[in-house]
Amino acid sequence: MTTSDPALERAAIACAGARKAVALTGAGISVESGIPPFRGRGGLWEKIDPMKYAHVAAFENDPAEVWKVLFLGISHVLEKARPNAGHQGLWRLEEMGVLQTVITQNVDGLHQQAGHRDVIEFHGTHAFVRCSVCGRRSDWRSVPLEVIPPRCECSGVLRPDVVLFGEMIDPRLLQRSQQLAAGCDVMLVIGTSATVEPAASLPVIAKHSGAFIIEVNPEPTPLTHRISDVTLLGSAGEVMEQMASMVQRLRSNRQPS
Ligand code: NAD
Ligand code: ZN
């Protein structure tokens, strides 16, 4: 990917003209922050199957095991993670008035750390836990971890406030995300394999409502060629840094002197 790449130029021109762009992000945008995705290469998950451990049935059967293997493992990685050039490039698009909202499937809080004001955490957040019985929500850092699984005052088992496989998306978040997808003029789809529903349908809704779809991923996905108007095959950090700079140049050239 170079700044003279015609695909990058097409994407930047679309972004520079956008008024209500929306981003949909997946685990790939956080890979350069040291957080491995569930799918694909990445040391942390090579020994265990996160798809199995991240299912609600696994948690219900053996919450202590899921805490030990999955939740504590993720928390250890998230503690050290900081936003990378991909998050920062996206934030620059918001600062320029191009990007309205980030819909993320990630639970790592890195878009908020980068500065975004409006982030929809489609799959919840690892920064909070909630009681699986009474629903009380509290900060992850306030949870005593001497005994696993940790328990609420009501004795219910606590769990991260994330959406596990087999669980529903919060209907208000789903509805708002679908409305944003239907109303945006550009959708940036960054670092998602576009295989987990219902998030995977958001670019399809945007496309059918007339939006220009820009995909950023080192690998092709089911959206490539079919839904995406432009696919930028590269890492989120590299592509978003170049894209933000190009959009900035295009928009400053447009300003009346
Ligand atoms: P996913 O289905 O979104 O797949 C990851 C995608 O990222 C792949 O298409 C891969 O080609 C792409 N990718 C890899 N490196 C990249 C890079 N440097 N730049 C851009 N794209 C890159 O995600 P998943 O890993 O299968 O996770 C499924 C769900 O699990 C997520 O939706 C999320 O809820 C949860 N999860 C969250 C995190 C996080 O919060 N960071 C990490 C892992 C999993
Ligand atoms: Zn409780």
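Biologist: What should I know about the model before reading it?

Modeller: The model is predicted, so local features need pLDDT of at least 70 and side-chain atom pairs count only at pLDDT 80 or more, while totals for chains, interfaces and linings use all residues. Residues are numbered from 1 along each chain as its sequence is written, chains are lettered from A and ligands numbered from 1 in the order in which they are written, and side-chain values use heavy atoms, with hydrogens and water left out.

Biologist: Which residues touch the most other members in the largest nonpolar core?

Modeller: A nonpolar core is a set of buried Ala, Val, Leu, Ile, Met, Phe, Trp, Tyr and Cys residues joined through side-chain atoms within 4.5 Å, where buried means under 20% relative accessible area, exposed over 50% and partly exposed in between, with a 1.4 Å probe and protein chains only. Here the largest core has 31 residues, and those touching the most other members are Leu90, Leu93, Leu188, Ile214 and Met243. Helix H9 gives the most to this core, with 7 residues; helices (H or I, at least four residues) and strands (E, at least two) are DSSP runs, numbered from the N terminus. Apart from this core lies another, of 25 residues, including Ile35 and Trp140.

Biologist: How many bridges join E1 to E2?

Modeller: Two strands pair if DSSP finds at least two bridges between them. E1 and E2 run parallel and are joined by 5 bridges, with Ile103 of E2 as the bridge partner of Leu24. E2 also pairs with strand E3 (residues 119-121) in the parallel sense, over 3 bridges, and there Ile103 stands opposite Ile120. Since 5 of the 6 residues of E2 are buried, this strand is largely enclosed by the rest of the structure.

Biologist: How is a pair of aromatic rings described?

Modeller: Such a pair is described by the distance of the centres and the angle of the planes. Rings of Phe, Tyr and Trp (its six-membered ring) pair if their centres lie within 6.5 Å, and planes under 30 degrees apart count as stacked, over 60 as edge-to-face and the rest as tilted. The whole structure holds 3 aromatic pairs. The ring centres of Phe59 and Phe71 are 5.9 Å apart with the planes at 50 degrees, so this pair is tilted. Trp67 and Phe71, by contrast, are edge-to-face, at 5.3 Å centre to centre and 90 degrees between the planes. Phe59, Trp67, Phe71 and Trp140 form one aromatic cluster.
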